[in-house]
Amino acid sequence: CSLPFKVDAVHCCHEHDAVAKSIGAINTIVRKSDGKLVGYNTDYIGAISAIEDGLGSKDAAMSPLSGRLIVVVGAGGAAKAIAYGAKKKGARVVVANRTYEKAVTLANAVGGQALRLADLENFRPEEGTILANATSLGMYPNVDGTPVPKKALRFYDVVFDAVYAPKVTRLLREAKEHGVKVVSGVEMFVRQAMGQFEHFTGGIEAPESLMREIAAQYT
């Protein structure tokens, strides 16, 4: 399942795994031998592991997200996965969305704070904050789109963009121009696909190198 159907697709399944049920969004549907459709969410681990690797950590016992503030832009399926995953890793969550009521709903679900998307222009995050765009702003063909003005990006430690086409979005490019560390959505794209592969094949290890080669041809 892909955007914008990750939330609606939940209602198409007979069952969901625990993570997908908690998130309230799926990106993978597997038909079992008894005919039941089971929903899974691999966006969660795909995005969170990509962000964790981008942050880096010398402490293998603790996630580098633990204790950090993460600003999640969006309130759809991908945003739910990232917000849920970040909370589970010990981060504090702020949700910013164009429709404020949706930001409030998601923020309440993860014990976080809600903002209007326009508020991010003047929002001053604490040191070490992560920005995670979980909207389609900046995706091909609308490559000039960005959820946050360039001047506001300098206050973040890491900027992650779930958009994978193009690989370097306007958001990431402008963050890099401020010297901010960036994480491409291609990392999430490949990692969530690996999780999907394993669900579809009953646990066979995904061919990571091949998947990365294919992703590189189209991003």
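In the UniProt record, an unreviewed entry, residues 63–123 are listed as "domain: Quinate/shikimate 5-dehydrogenase/glutamyl-tRNA reductase". The structure examined here is a predicted model.

The domain assignment divides the chain into two parts. Domain 1 is made up of two segments, 8–42 and 188–209, whereas domain 2 is formed by residues 44–186. A distance of 23 Å separates the C-alpha centres of domain 1 and domain 2. To the contact between them, domain 1 contributes 12 residues and domain 2 contributes 17 residues.

The size of an interface is often expressed as the accessible area that is lost when the parts come together. Between domain 1 and domain 2, about 1,200 Å² is buried, and carbon and sulfur atoms account for 65% of this area. On the domain 1 side, Ile23, Met188 and Arg191 together provide 53% of the area buried against domain 2, more than any other three residues.

Polar interactions also link the two domains. Between domain 1 and domain 2 there are 10 residue pairs in polar contact, counting pairs with both residues at pLDDT 80 or more. Two elements each give two or more residues to the side of domain 1 that touches domain 2, namely helix 1 (18–23) and helix 7 (185–200). Helix 7 supplies the largest share of that side, with five residues. Classified by residue type, the side of domain 1 that touches domain 2 holds six nonpolar, five polar and one charged residues.

One salt bridge is counted between domain 1 and domain 2. The salt bridge between the side chains of Arg191 and Asp53 has an N to O distance of 2.9 Å. Arg191 is also one of the three residues that supply 53% of the area domain 1 buries against domain 2. The model as a whole contains 12 salt bridges, among them the pair formed by Asp53 and Arg191. Because Asp53 lies in helix 2 (residues 43–55) and Arg191 in helix 7, this pair ties together parts that are 138 residues apart in sequence.

Pro141 is located in the loop that runs between strand 7 (130–133) and helix 5 (150–153). Pro166 occupies the loop between strand 8 (158–161) and helix 6 (170–177).

Technical notes. Residues numbered from 1 in each chain as written. Predicted model: local features only at pLDDT ≥ 70, side-chain atom pairs only at ≥ 80, totals over all residues. Heavy atoms only, no water. Domains from an automatic or database assignment. Contact = heavy atoms within 4.5 Å. Buried area = accessible area lost by both parts, 1.4 Å probe. Salt bridge = Lys/Arg side-chain N within 4 Å of Asp/Glu carboxyl O. Polar contact = N/O pair within 3.5 Å; in protein donor to acceptor, adjacent residues only side chain to side chain. Helix = DSSP H or I, 4+ residues; strand = E, 2+ residues; numbered from the N terminus. Nonpolar A, V, L, I, M, F, W, Y, C, P; charged D, E, K, R; others polar. UniProt positions renumbered as here; feature names shortened; annotations may be inferred.
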